[in-house]
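Here is a short tour of one protein model, written to be read with the structure open beside you.

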Amino acid sequence: MIKHLKQALFIVILAILTGISYNSLLPTGKALPWFKEKHEVTDSTLFNTNNEKIPEAKAGELLEVNFEQMKKIVDHPDFFLIDARLEDMYQESHIGNAINIYPYWDEDRYMMALQEVPYDKTIVVYCDGGACDLSHSVAETLQQMGIEKIFLYIGGWEEWSQKQNLNK
């Protein structure tokens with residue numbers, strides 16, 4: 001048993017050292033970050049109170065809104081919410097007037113739903129939160145369609161329902 005633990009520890013240490021070595025050999029700017037960076041925007045940028053341009057995220061990244069910002073966004077007429085969860089979860093409950101667009105519907109249904117998204121509004125996409133990537137899939141497709149003002153609510157339904165004392 002101790003022999004197996006030593007072997008496992010050796011493999012873990014070797015993997016960590018290999019990762020560190022690989023990352024340090026990558027050219028400047030190409031190395032993987034040690035920690036996930038937050039990409040939240042300020043309220044003044046989000047609601048355009050100072051005529052600020054929304055900052056561009058790095059390629060493959062999306063800007064995020066937090067719970068306090070979502071509370072302000074829910075009833076704001078300039079925002080359009082998309083719930084990327086499964087249809088039955090959406091039917092049970094969702095945030096505000098969000099519409100449901102699930103990225104793994106059949107392609108025709110998915111593309112038809114995406115065509116309903118207004119280009120003149122700021123889009124906020126969410127799913128369950130945490131490790132859920134459904135909102136990322138929808139947001140990335142919308143970016144490819146040319147919509148520029150897209151944000152993710154990373155806390156998702158999990159955080160929203162918990163902080164609003166809703167049943168999940």
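Let's start with a nonpolar surface patch formed by L9, V12, I13, I16, L17 and I20, which together have about 530 Å² of accessible area. Accessible areas come from the Shrake-Rupley method with a 1.4 Å probe, and for residues only the protein chains shown count as cover. Patches are made of residues with over 30% relative accessible area and no salt bridge; like charges are joined within 9 Å, and nonpolar side chains (Val, Leu, Ile, Met, Phe, Trp, Tyr) within 5 Å. A salt bridge here is a side-chain nitrogen of Lys or Arg within 4 Å of a carboxyl oxygen of Asp or Glu.

A word on the model: it is predicted, so local features need pLDDT of at least 70 and side-chain atom pairs count only at pLDDT 80 or more, while totals for chains, interfaces and linings use all residues. Residues are numbered from 1 along each chain as its sequence is written, and side-chain values use heavy atoms, leaving out hydrogens and water.

Stepping back, the protein chain holds seven helices and five strands, in the order α-α-β-α-β-α-β-α-β-α-β-α from the N terminus on. Helices (H or I, at least four residues) and strands (E, at least two) are DSSP runs, numbered from the N terminus.

The five strands make an open, parallel sheet with the order β1-β5-β4-β2-β3. At its edges are β1 (63-65) and β3 (99-100), each pairing on one side only. Two strands pair if DSSP finds at least two bridges between them. Strand β2 (residues 79-83) runs parallel to strand β4 (residues 122-126), and five bridges join them; F79 has T122 in β4 as its bridge partner.

Next come the cysteines. The whole structure has one disulfide, a term for a pair of cysteine sulfur atoms within 2.5 Å. C127 is joined to C132, with S to S at 2.5 Å, and the link is left-handed, with -140 degrees about the S-S bond. Both partners are buried, as the table shows. Buried means under 20% relative accessible area, exposed over 50%, and partly exposed in between (1.4 Å probe, protein chains only).

| Residue | Relative accessible area |
|---|---|
| C127 | 2% |
| C132 | 16% |

Across the protein chain, buried residues make up 36% of the 168 residues.
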